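User: Please take a close look at the aromatic residues of this model and at the parts of the fold around them. I would like one connected account, with the cut-offs behind each term.

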Amino acid sequence: MRRIRYLLSPSGNRIAFQHFPGSRRPGLLFLPGFRSVMHGKKAEALRDYCERANREFTRFDYSGVGMSEGKFAEGCLSVWLSDAVSVLDHATEGEQILVGSSMGGQLMVLACLRRPRRVCGLLGVATATDSMYELGRKLSESERRSLDEKGMFERKSRY
């Protein structure tokens, strides 16, 4: 297994990533979903494909998730987007196809807008590109007030 490497994100957290070289380009960069880790089933299946195809592959854990530093509760889309862009900038070379799963689908679109010259394709897997919009529409009055006053709200979850 490839060793885990780290890079410093703009949030100050060490971001865990793995880079698997390959002779075929463009490379693939996997952006996992909400609270998903770089060693999940989708990431492993994609790594296996890239290994068979001799294609470059990179995967990582967001701040506060998996092997990366930080507290999950301090994470948000803008922090995780900066993590993804940092990995794109510092752990990959040349053009990349971004593969986003669930929330990672929303982040891959935003990362592409930030680095259009580095991204030559997007592949969404059960993407949640409008998840925050939908969540915002469903906020209760007290959740909306908490978001306005504190910048966050808490909601019980089965997760």
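**Aromatic pairs and their surroundings**

By the rule that rings of Phe, Tyr and Trp (its six-membered ring) pair if their centres lie within 6.5 Å, the count comes to six aromatic pairs. Planes under 30 degrees apart count as stacked, over 60 as edge-to-face and the rest as tilted. The centres of the Phe 34 and Phe 72 rings are 5.3 Å apart and their planes stand at 70 degrees, so this pair is edge-to-face. It joins distant parts of the chain, 38 residues apart: Phe 34 belongs to the loop between β3 (24–31) and α1 (41–53), and Phe 72 to the loop between β4 (55–60) and α2 (77–91). Helices (H or I, at least four residues) and strands (E, at least two) are DSSP runs, numbered from the N terminus.

The model is predicted: local features need pLDDT of at least 70, side-chain atom pairs count only at pLDDT 80 or more, and totals for chains, interfaces and linings use all residues. Residues are numbered from 1 along each chain as its sequence is written, and side-chain values use heavy atoms, with hydrogens and water left out.

Phe 34 has a relative accessible area of 48% and is partly exposed; buried means under 20%, exposed over 50%, and partly exposed in between (1.4 Å probe, protein chains only). Phe 60 and Tyr 62 form an edge-to-face pair, with 5.1 Å from centre to centre and 85 degrees between the planes. Both Phe 60 and Tyr 62 are buried. One aromatic cluster is formed by Phe 34, Phe 60, Tyr 62, Phe 72 and Trp 80.

The charged end of Arg 35 sits over the ring of Phe 72, 3.9 Å from its centre, and Arg 14 lies over the face of Tyr 6, at 4.1 Å from the ring centre. For such a placement, NZ of Lys or CZ of Arg must be within 6 Å of the ring centre and within 35 degrees of the ring normal.

Beyond neighbours within four places in sequence, Tyr 62 is in contact (heavy atoms within 4.5 Å) with residues including Ile 15, Leu 31, Trp 80, Met 103 and Leu 107. The largest nonpolar core has 25 residues, and those with the most contacts inside it are Leu 31, Phe 60, Tyr 62, Trp 80, Leu 98 and Leu 107. A nonpolar core is a set of buried Ala, Val, Leu, Ile, Met, Phe, Trp, Tyr and Cys residues joined through side-chain atoms within 4.5 Å. Two or more residues of this core come from each of β2, β3, α2 and α3, and α2 gives the most, with nine. A second, separate core of eight residues includes Leu 28, Ala 43, Cys 50 and Val 99.

Ser 63, in the loop between β4 and α2, counts as buried at 3% relative accessibility. Apart from residues up to four places away in sequence, Ser 63 touches Trp 80 and Asp 83, among others.

The strands make an open sheet of six, in the order β1-β2-β4-β3-β5-β6 and with mixed pairing; two strands pair if DSSP finds at least two bridges between them. At the edges stand β1 (5–8) and β6 (119–125), each with a single partner strand, so one side of each is left without a neighbour in the sheet. Strand β5 (residues 96–101) and β6 pair in the parallel sense over six bridges, and Ser 101 has Val 125 in β6 as its bridge partner.
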